[in-house]
Amino acid sequence: MTSKTPFGSDEIRKASRTTAAIQVFSVFLLAILVSVYVDISHRQSDLRDAVRENAMWSVYQFNREAHDLHHRLELMMNTGQVDKASLEDLSIRYDVGYSRMKMLRETKFEQNFLSDPSVIQQVDKIQRLIFNNAPIFDAIIAGEGISKASLTSLDYELAVLSRETADLLVYTNTKISTERAEGRIELESLQRKSMGLI
């Protein structure tokens, strides 16, 4: 008496092999999806960091130039060496500070950092301090004499500029540190959720 294979056992075996293949393929696709997601996340993080670092560098350079400009003017006034060469050197330093202000605007600092209206006002104040003193430096370039009263007023405004840019530098540094800490917390949370879903 010959034994017969139960009906459909070949089909069941084929279906089992197909199911196993589909499961392996699904795991493979999931691994690819996770790696692509992680790569995109890293690239976005690198891009945000690059934007932040550019803005941070701009603020740092601007603060340094503002401090240097004020220091040079104070030195001139304290030593009494307010000659043409010293004034022209001061004007060159002002031009550098002016360009730093423009660079700060071009890095779109406000869009990347400013959530506090008081800081927006601070950046506007810094810009006014730079731009409003342009006539004095234009007069220096034109070879016109500068009164002691004008230099005293300029000294006061440059002291304010130096202080405001220093405050902006502290704000920017604090903001970047806070955002990085929050980013790490969010990434850890995302990793835990991803592992749970997997």
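Contact here means heavy atoms within 4.5 Å. The views below are taken from a predicted model.

Figure 1. When neighbours within four places in sequence are set aside, Met76 and Gln81 are in contact with Ser86. For Gln81, the backbone oxygen is 3.4 Å from a polar atom of the Ser86 side chain. The relative accessibility of Ser86 is 19%; residues under 20% count as buried, and Ser86 is therefore classed as buried.

**Figure 2. The largest nonpolar core of the chain.** This core comprises 32 residues. Phe62, Leu90, Met101, Leu154, Leu161 and Leu168 have the most contacts inside the core. At least two core residues are supplied by each of the helices α1 (9-79), α2 (84-106), α4 (117-132), α5 (134-141) and α6 (148-197). Helix α6 provides the largest share, with nine residues. In soluble globular proteins, nonpolar side chains tend to be buried together.

**Figure 3. Contacts of the core residue Leu154.** Leu154 is among the residues with the most contacts inside the largest nonpolar core. Apart from neighbours within four places in sequence, the residues in contact with Leu154 are Leu73, Leu90, Asn133, Ile136 and Phe137. Of these partners, Leu90 is likewise listed among the core residues with the most contacts.

**Figure 4. A nonpolar patch on the surface, including Ile32 of helix α1.** The patch is formed by Phe25, Phe28, Leu29 and Ile32. Together, these four residues present about 400 Å² of accessible area. Ile32 belongs to helix α1.

**Figure 5. The chain as the setting for the close-up views.** The secondary structure consists of six helices and zero strands, and the order along the sequence is α-α-α-α-α-α. The chain contains 198 residues, of which 29% are buried. Among contacts with a separation of 6 or more, 82% join residues 24 or more positions apart. The accessible surface of the chain amounts to about 13400 Å², and carbon and sulfur atoms account for 58% of this surface.

Notes:
Residues are numbered from 1 along each chain as its sequence is written. This is a predicted model: local features need pLDDT of at least 70, side-chain atom pairs count only at pLDDT 80 or more; totals for chains, interfaces and linings use all residues. Side-chain values use heavy atoms; hydrogens and water are left out. A nonpolar core is a set of buried Ala, Val, Leu, Ile, Met, Phe, Trp, Tyr and Cys residues joined through side-chain atoms within 4.5 Å. Buried means under 20% relative accessible area, exposed over 50%, partly exposed in between (1.4 Å probe, protein chains only). Helices (H or I, at least four residues) and strands (E, at least two) are DSSP runs, numbered from the N terminus. A polar contact is a pair of N or O atoms within 3.5 Å; within protein, one must be able to donate a hydrogen and the other to accept it, and residues adjacent in sequence count only if both atoms are side-chain atoms. Accessible areas come from the Shrake-Rupley method with a 1.4 Å probe; for residues, only the protein chains shown count as cover. Patches are made of residues with over 30% relative accessible area and no salt bridge: like charges are joined within 9 Å, nonpolar side chains (Val, Leu, Ile, Met, Phe, Trp, Tyr) within 5 Å. A salt bridge is a side-chain nitrogen of Lys or Arg within 4 Å of a carboxyl oxygen of Asp or Glu.
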